[in-house]
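Colleague: I am new to reading models of this kind, and I would like to go through one slowly. Could you show it to me first?

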Amino acid sequence: MDKVKLNTSLVCKITRKRKIKDKNKIFHNGWTEKYAFIKRNNKPICLICNIELAHNKTCNVKRHYETIHKKFSEEYLLSLNYRKNKIELLKTKNKNQQLNISSYSQESINTTEANVLSVLDPSNSKIQRLVSQISISRHTIERRISDISIDVEQQLLNDLKNCEAFSLAVDESTDIEDKPQMAVFVRYVTSGVIVKEELLDFVKLKDTTRGVDIKEALNNALLKANVTINKLVSVATDGASAMARKYLGLIGLIKSDP
Ligand SMILES: [Zn+2]
């Protein structure tokens, strides 16, 4: 008997938990008035900064509003009429923005189609039909960009493998998080005697940017591209001591390479 009672209370507990969980997945209309959020694709969108939150959770919506838009909450106090007007204004602005985005997307699709057709054969109905059938969804475009990028990289690696000599231009700088990074550009002559200049790699450096660190990063970049350093004929740098010093700079270290 006790066992049955225990089981029933456990089931009740689980059901209650599930109900709370489900409630958390729903957008609450009251959030618009209280926290300036609206629902789009079943996700909460902030009317003030347009950010989309990942979950329909009161704590997340509340935290966003209270920490990011503290000034707004102080300026437009709850239940006052001018706050309601301001929220309505933001809702209209957001709606118009969405309309503009969708009309622009359709317009750009039409322009792209027309451009492709004008390059090919505008009078050919078969081409016309094929062009209109090409999928230009976000994922398809992403896949195509990735395919093109792989192809471009492969061409560069092949060219470098077959070239007689190449030169480099390297420069290091820090990103917004103050982490050092180095861009490596390569210039070479292809087997068809065409001079090409490409970005070979963008490498993360260690916390220190001594000549030896830069040399190590460059070695790794060249190794990754399967390029041997004995084809290197010149290196361009900004002349900073880590780059240009006779013995401990990048140039010195490259020269002393066996
Ligand atoms: Zn916001």
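Modeller: What follows is a short exchange about the metal site and the fold around it.

Modeller: This is a predicted model, in which local features need pLDDT of at least 70, side-chain atom pairs count only at pLDDT 80 or more, and totals for chains, interfaces and linings use all residues. Residues are numbered from 1 along each chain as its sequence is written, and side-chain values use heavy atoms, with hydrogens and water left out.

Colleague: Which residues are the protein donors of the zinc ion?

Modeller: Donors are N, O and S atoms within 2.8 Å of the metal (3.2 Å for Na, K and Ca), and since water is not among the atoms, sites may look incomplete. Lying 2.0 to 2.3 Å from the zinc ion, the protein donors are Cys46 (SG), Cys49 (SG), His64 (NE2) and His69 (NE2).

Colleague: What is the geometry of the site of the zinc ion?

Modeller: Four donors count as tetrahedral if all angles lie between 85 and 135 degrees. The angles among the four donor atoms of the zinc ion are 104 to 118 degrees, so the site is tetrahedral.

Colleague: Is Cys46 buried or exposed?

Modeller: Buried means under 20% relative accessible area and exposed over 50%, with partly exposed in between (1.4 Å probe, protein chains only). The relative accessible area of Cys46 is 0%, so Cys46 is buried.

Colleague: How many helices and strands does the protein have?

Modeller: Helices (H or I, at least four residues) and strands (E, at least two) are DSSP runs, numbered from the N terminus. By that count, the secondary structure of the protein comes to ten helices and six strands.

Colleague: What percentage of the residues in the protein is buried?

Modeller: The protein has 258 residues. Of these, the buried residues make up 24%.

Colleague: How are the donor residues of the zinc ion spaced in sequence?

Modeller: The donor residues include Cys46 and His69. The spacing of the donor residues in sequence is C-x2-C-x14-H-x4-H.

How values were computed
Tetrahedral: all angles 85-135°; square planar, octahedral: opposite > 155°, others 65-115°.
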